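User: Can you walk me through this one? I'd like to go through the surface and a few charged residues.

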Amino acid sequence: MPLISNLIDNIGKKKVFTKMNLRWGYNNVKVKEEDEWKAAFSILEDAYKLTVMFFGLANSLAIFQAIINDFLRDLIETGDIVACIDDVMIEMEMEEEQDKIVEEILKKNGRE
């Protein structure tokens with residue numbers, strides 16, 4: 001997780017901001033097949049194994065943050081974007097640069 005003080009320091013000279021919410025990303029992360037039993041639960045007489053990650057699992061937020069950091073590593077290292085769990089904020093000085101970063105994120109995600 002990024003430190004709030006570092007995020008505020010980075011915002012200083014930026015003028016254009018875009019916030020993206022990775023709304024459906026979190027529930028699309030697959031649980032390893034050998035770990036599905038750890039997320040099992042039962043209702044009445046039936047037992048269910050979840051195949052995707054959910055908020056109630058221990059360390060699930062940290063795992064999701066690590067996935068996002070890895071996915072956007074090259075953009076995060078430039079200091080132009082910040083990722084905090086399922087939110088991505090793009091910070092730039094000029095709007096044209098902002099559009100390029102948004103397009104790059106969409107390409108990484110397989111959308112154009």
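**Surface and charges**

Analyst: Lys-30 is exposed, with a relative accessible area of 65%. Keep in mind that this is a predicted model.

User: Where does Lys-30 lie?

Analyst: Lys-30 lies in the loop between E1 and E2.

User: And what is Lys-30 in contact with, leaving aside neighbours within four places in sequence?

Analyst: Thr-51 and Val-52. The C-alpha atoms of Lys-30 and Val-52 are separated by 4.4 Å, though the two are 22 residues apart along the chain.

User: Next, Glu-36. Buried or exposed?

Analyst: Glu-36 is buried, and it has no salt bridge. The nearest side chain of opposite charge is Lys-49, 5.4 Å away. A salt bridge needs the nitrogen and carboxyl oxygen within 4 Å.

User: Which residues is Glu-36 in contact with, beyond four places in sequence?

Analyst: Val-31, Lys-49, Leu-50 and Thr-51. Glu-36 itself sits in the loop between strand E1 (16-21) and strand E2 (41-43).

User: Switching topic. Which residues form the nonpolar patch on the surface?

Analyst: Phe-41, Ile-43, Leu-44 and Tyr-48. Together they have about 450 Å² of accessible area. Phe-41 is in strand E2.

User: What about negative charge: which residues gather in a patch?

Analyst: Glu-93, Glu-95, Glu-96, Glu-97, Asp-99 and Glu-103, on the surface. One of them, Glu-97, lies in helix H4 (residues 95-108). Glu-97 is partly exposed, with a relative accessible area of 32%.

Methods: Residues numbered from 1 in each chain as written. Predicted model: local features only at pLDDT ≥ 70, side-chain atom pairs only at ≥ 80, totals over all residues. Heavy atoms only, no water. Patch = residues over 30% accessible without salt bridge, like charges linked within 9 Å, V, L, I, M, F, W, Y side chains within 5 Å. Areas by Shrake-Rupley, 256 points an atom, 1.4 Å probe, with all protein chains shown as cover. Lys, Arg positive; Asp, Glu negative; His and termini not counted. Charge placed at Lys NZ, Arg CZ, Asp CG, Glu CD. Helix = DSSP H or I, 4+ residues; strand = E, 2+ residues; numbered from the N terminus. Buried < 20%, exposed > 50% of the residue type's maximum accessible area, 1.4 Å probe, protein only. Contact = heavy atoms within 4.5 Å.
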